[in-house]
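Reader: I would like a close look at a single part of this model. Please keep it brisk.

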Amino acid sequence: MVEAIRPLVSANATVVTPTVSMAGEDFATFQQQIPGVFAFIGSNGAPDAADWHDPHFIGLDETLPVGIQYFVDAAHGLSTFAAK
């Protein structure tokens, strides 16, 4: 799935391979039933910004178009992939 969406997503976003993390996440359990792609979409570029699950987290409105464009591009990539 990553290879199907990477070309389109890369046109509007920087695609990086994340570093290994010990963070807990249930997404892998979901992927045992349905294939998927986990995407980290940055929402605050400040070095000292609070992380997602921090009570002091502030999502910036100007980052919403980036996330929306990611999902639009991914949907187009997957629809093209499924048509093959």
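How exposed is R6, in relative accessible area?

Author: This is a predicted model, where local features need pLDDT of at least 70, side-chain atom pairs count only at pLDDT 80 or more, and totals for chains, interfaces and linings use all residues. Residues are numbered from 1 along each chain as its sequence is written, and side-chain values use heavy atoms, with hydrogens and water left out.

R6 is partly exposed, with a relative accessible area of 31%. The scale runs as follows: buried is under 20% relative accessible area, exposed is over 50%, and partly exposed lies in between (1.4 Å probe, protein chains only).

R6 has a partner. Its side chain meets that of E3 in a salt bridge, at 3.9 Å from N to O. The term means a side-chain nitrogen of Lys or Arg within 4 Å of a carboxyl oxygen of Asp or Glu. The structure holds 1 salt bridge. E3 counts as exposed, at 59% relative accessibility.

Both residues sit in helix α1, 3 residues apart, and about one helical turn separates them. Helices here are DSSP runs (H or I, at least four residues), numbered from the N terminus.

Now the helix around them. α1 covers residues 2-10, and A4, I5 and V9 are buried in it. Seen down the axis, the buried residues of α1 fall within an arc of 105°, so they line one face of the helix. That arc is taken over the directions from the helix axis to the C-beta atoms. The face turned away from the buried side carries the exposed residues E3 and P7.

Technical notes: Helices (H or I, at least four residues) and strands (E, at least two) are DSSP runs, numbered from the N terminus.
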